[in-house]
Structure formats: C-alpha cells, structure tokens
Amino acid sequence: MHAKDIEAALTELRDRLDRLQIPFAVIGALAMRQYGYTRYTEDIDIVTTPEGLEQIHSELVGLGIVPRATGLRKKLRETTHRVDIDVLQSGEAAGAEGSPVEYRSPLSASFKAAPDGIRYPTLAA
C-alpha cells in the first residue's frame, strides 16, 4: 500500500460521509500529520457518533466499504484502494475497557476542521 492510496481513500471517505452528513473526525497517525509528526500507518482511524456508525452500515457498507470479517462493525475496508478503516464511537472508553477517558463527539470543540474540511483533534483534546 502506498501513502497516496491512503490519501485517496481518505478523500473519498470524506466526500461520502459529508454527502450523507455523517459526523466524523480523523484520529491516530493521520491526525498527527496535522501537527508536523509523521508516523507510518496503513489505515484510517475515525471517530463518529453511534448514529453515524449505524448510518455507515446502512448506507455505505456494500458500496465500496465492507467489514473486514463477518460480524465486525468497526473494522472496515475501503475496497477501491484496499485501505482499512477503524471506527471508534464517541462515548467509548479510549484505550483499555474501563478507562476514564472517553472519545468525544467529532462535532465537539475537541476537534476542528482543517483546510481540507476534515476534522482533526485539537491539541487541547
């Protein structure tokens, strides 16, 4: 996989989620790039709302996005560029189960839009 594949998959994912008005923000290695840190990655990590995850499954799964295995709801694959997408939900514990830290809504002030229109975590998050 090439970095251009991830960028192309991210652009297409952004366009599709925006068109359906599904709130999301990019987290993980791709978010670190917004602050000048480069870390190798092979996937796209996003946070959305529980309703957003439901909408992804009802409107996008089977149309270029598929679960990576039977029964997986948050481990997806974009089929055109063969890029994995890991989905986290707002309200979930970050890290280990029982963690006092929860993922916030992608619409919260913990995330802000970059010039490309994609929301990324603020440093205050």
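Is His57 buried or exposed? In this predicted model, His57 is buried: its relative accessible area is 16%, and the cut-off for that class is under 20%. The residue sits in helix α3, which spans residues 50–59. Apart from residues up to four places away in sequence, His57 touches Leu72, Arg73 and Leu76.

Helix α3 lies across β2 (43–48), β4 and β5, and runs at about 125° to β2. The sheet itself is open and mixed in its pairing, with five strands in the order β1-β2-β5-β4-β3. Its edges are β1 (24–27) and β3 (65–67); each has a single partner strand, so one side of each is left without a neighbour in the sheet. From one strand to the next, the twist averages 35°.

Within the sheet, I would draw attention to one pair. Strands β4 (residues 75–78) and β5 (residues 83–89) run antiparallel and are joined by four bridges. Arg77 stands opposite Asp84 in β5.

The largest nonpolar core has 23 residues, of which Leu17, Val26, Ile44 and Ile46 touch the most other members. At least two residues of this core come from each of α1 (3–19), β1, α2 (29–32), β2, α3 and β5. Helix α1 gives the most, with five residues.

Technical notes:
Residues are numbered from 1 along each chain as its sequence is written. This is a predicted model: local features need pLDDT of at least 70, side-chain atom pairs count only at pLDDT 80 or more; totals for chains, interfaces and linings use all residues. Side-chain values use heavy atoms; hydrogens and water are left out. Buried means under 20% relative accessible area, exposed over 50%, partly exposed in between (1.4 Å probe, protein chains only). Contact means heavy atoms within 4.5 Å. Two strands pair if DSSP finds at least two bridges between them. Axes are lines fitted to C-alpha atoms, for helices over the stretch in contact, and angles run from 0 to 180 degrees between N-to-C directions. A nonpolar core is a set of buried Ala, Val, Leu, Ile, Met, Phe, Trp, Tyr and Cys residues joined through side-chain atoms within 4.5 Å.
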